[in-house]
Amino acid sequence: MKRTNFQSSLAMARNYFKDFNYRLFVTFGLKFCPRTFISVLFLLFYTNHTPNYHHHNLTCDNWKKEPEATIGNCTRYTKFALLLCQGGVSNLKTISEQKSRKIDGVMFCGWPDKYFNPITALQTLPNVKLLSIEYGVMKEILYRFPEMFYLQTINISWTRLSYVEPKTFKRVYNLRILDLRWNQLTHLDSPLILSNTIEFFFLNGNPWNCTRNFKWLLTWEKADTVTDRRDLLCHDRKYKDRHLLTVINYKMALKHTCQKHEDLKNCTCSMHHIVPKSHIPLYTVNCSYLNLHRLPAYLPDNTSSFYANGNKITDVSPLRNNNHYRYVDDIHLDNNMIESIDVLEGSYWFEHFRLLNLKGNRLRKIPVYALGNALDDNPHASLLLLSRNPWYCSCKFAMRFREILNKYNAILKDAWNVTCIYKQGDELKSSKVMSITRGDSVELFKGLKIKLK
């Protein structure tokens with residue numbers, strides 16, 4: 001990423017500051033001039049004196065090539081009241097207390113350890129106003145920052161930082177800018193506790209896991225200080241490259257919708273996908289094992305998967321008559337009390353469904369021709385499960401049913417587990433439908449004729 005020259009940044013800042021609102025200037029400056037602009041802001045607005053800061057252009061770019069980096073030393077720039085440490089802090093304790101108190105800014109380039117301990121790192125720098133840590137292998141801030149009354153700008157970028165405890169910066173009493181961009185943060189399950197003086201908080205460039213709880217970004221009283229919150233992107237597999245705020249808004253809207261409808265109050269509603277480009281959310285509603293006697297009368301818009309397994313549902317007519325089910329792709333109704341699906345014949349849903357699970361119900365017969373027509377006319381159908389039902393092997397139905405199971409075995413994936421019951425003499429027997437031959441059907445027919453006599 002390009003850096004803006006320090007002197008150019010300062011000149012630009014001065015010109016803008018003459019004509020534009022301070023807050024607007026800072027927002028755009030930080031967004032388009034990352035990292036080095038943190039220092040510019042500090043120099044322009046947060047120092048009480050004006051030494052010749054603008055004469056230096058110290059950054060952490062190419063810090064590994066600097067001679068000091070090989071031994072991990074710090075260099076004190078008296079003229080700028082700045083301490084620059086590259087690759088370590090081996091000589092930090094050699095700086096006298098008197099000189100340390102005159103340091104206003106400290107830059108750690110290439111922090112060498114997995115942990116950053118602000119208590120030990122800053123104990124000799126009580127008056128520092130600017131802290132910048134860039135690059136290095138740091139993964140975690142080990143302890144909370146000690147009481148800091150002068151520190152106003154903290155920049156931690158391009159490290160491996162993956163976790164920040166909510167109270168880490170609580171005792172930085174005059175913190176105005178916190179920049180945590182371009183690290184490895186995946187989540188902040190609760191907002192950081194920051195000083196009331198905070199004005200700008202940056203989080204962009206981290207691999208956020210949007211399956212975690214981020215609703216605080218909408219409800220937190222300081223949410224507006226997260227200046228780049230509209231730019232945050234998800235990096236998890238489920239919502240990859242979607243905007244984090246979009247995901248949160250959809251989740252919260254879905255939760256509100258499901259909670260206000262009586263039929264769904266005990267169901268679980270979740271978002272499982274956001275369609276690329278159109279950004280349409282797709283929802284899953286799970287009402288399994290709730291002792292339901294009927295299908296819910298309401299489903300949220302954009303519900304594509306519905307589960308009602310293990311209930312006492314007998315009627316599937318809502319799939320035909322209720323518009324809330326019209327565009328639901330996947331319906332899971334295994335282990336219910338459904339005895340017939342004849343009502344679905346010729347319906348829009350039956351000719352457009354993707355998945356229908358009817359395992360473990362009470363189905364005995366099905367209009368075979370209607371099932372064949374529906375599967376012929378439905379290019380979306382990918383799975384239909386019919387096993388563990390008490391199918392009845394009449395002589396005609398058994399052969400027709402077998403033909404359908406065989407013809408659409410790519411969709412009827414449990415075809416070889418579908419069994420039917422028939423009566424031979426006075427005994428009830430069962431057989432796998434796919435194994436029934438025409439000879440068997442003749443025997444069934446003879447058995448039926450004997451029974452009729």
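Modeller: Let us begin with a term that we shall need throughout: a residue is called buried when its relative accessible area is under 20%, exposed when that area is over 50%, and partly exposed in between. Please keep in mind that the model shown here is predicted.

Biologist: How many salt bridges does the whole structure contain?

Modeller: A search of the whole structure finds 11. One of them joins Asp224 to Arg229, where the closest N and O atoms are 3.2 Å apart. Here the two partners fall under separate headings: Asp224 counts as exposed at 59% relative accessibility, whereas Arg229 is buried at 14%.

Biologist: What does the salt bridge between Asp263 and Arg294 tie together?

Modeller: The closest N and O atoms of Asp263 and Arg294 are 3.2 Å apart. Asp263 belongs to the loop between α7 and β10, and Arg294 to the loop between β11 (281–286) and β12 (303–307), so the pair ties together parts that are 31 residues apart in sequence. Asp263 is partly exposed, with 24% relative accessibility; Arg294 is also partly exposed, with 48%.

Biologist: Let us turn to covalent links. How many disulfides does the structure hold, and which pattern do they follow?

Modeller: The structure holds six disulfides. When the bonded cysteines are counted along the chain, the pattern reads 1-4, 2-3, 5-6, 7-9, 8-10, 11-12.

Biologist: Where do Cys210 and Cys234 lie?

Modeller: A disulfide joins Cys210 to Cys234, with 1.9 Å from S to S. Cys210 is found in the loop between β9 (200–202) and α6 (216–219), and Cys234 in the loop between α6 and α7 (244–260); the pair therefore ties together parts that are 24 residues apart in sequence. With -95° about the S-S bond, this link is left-handed, and both cysteines are buried.

Biologist: What is the handedness of the disulfide between Cys258 and Cys269?

Modeller: The disulfide of Cys258 and Cys269 is left-handed, because the torsion about its S-S bond is about -105°. Cys258 lies in helix α7 and Cys269 in strand β10 (residues 268–274), so the link ties together parts that are 11 residues apart in sequence. Cys258 is buried, with a relative accessible area of 5%.

Biologist: How does one read the strands, and what is the general idea behind their side chains?

Modeller: In a regular strand, the side chains alternate between the two faces of the sheet. In this structure, strand β5 (residues 130–136) has five buried residues out of seven, so it is largely enclosed by the rest of the structure.

Biologist: Which strands are joined to β5 by bridges?

Modeller: Six bridges join β3 to β5, and these strands run parallel. Within that pairing, Met107 has Ser132 of β5 as its bridge partner. Five bridges join β5 to strand β7 (residues 153–157), also in parallel, and Glu134 stands opposite Ser157 in β7.

Biologist: Finally, which residues make the nonpolar surface patch of about 380 Å²?

Modeller: Tyr115, Ile119, Leu142 and Tyr143 make that patch. Tyr115 lies in strand β4 (residues 115–116), and counts as partly exposed because its relative accessibility is 44%.

Key
Residues are numbered from 1 along each chain as its sequence is written. This is a predicted model: local features need pLDDT of at least 70, side-chain atom pairs count only at pLDDT 80 or more; totals for chains, interfaces and linings use all residues. Side-chain values use heavy atoms; hydrogens and water are left out. A disulfide is a pair of cysteine sulfur atoms within 2.5 Å. Helices (H or I, at least four residues) and strands (E, at least two) are DSSP runs, numbered from the N terminus. Buried means under 20% relative accessible area, exposed over 50%, partly exposed in between (1.4 Å probe, protein chains only). A salt bridge is a side-chain nitrogen of Lys or Arg within 4 Å of a carboxyl oxygen of Asp or Glu. Patches are made of residues with over 30% relative accessible area and no salt bridge: like charges are joined within 9 Å, nonpolar side chains (Val, Leu, Ile, Met, Phe, Trp, Tyr) within 5 Å. Accessible areas come from the Shrake-Rupley method with a 1.4 Å probe; for residues, only the protein chains shown count as cover. Two strands pair if DSSP finds at least two bridges between them.
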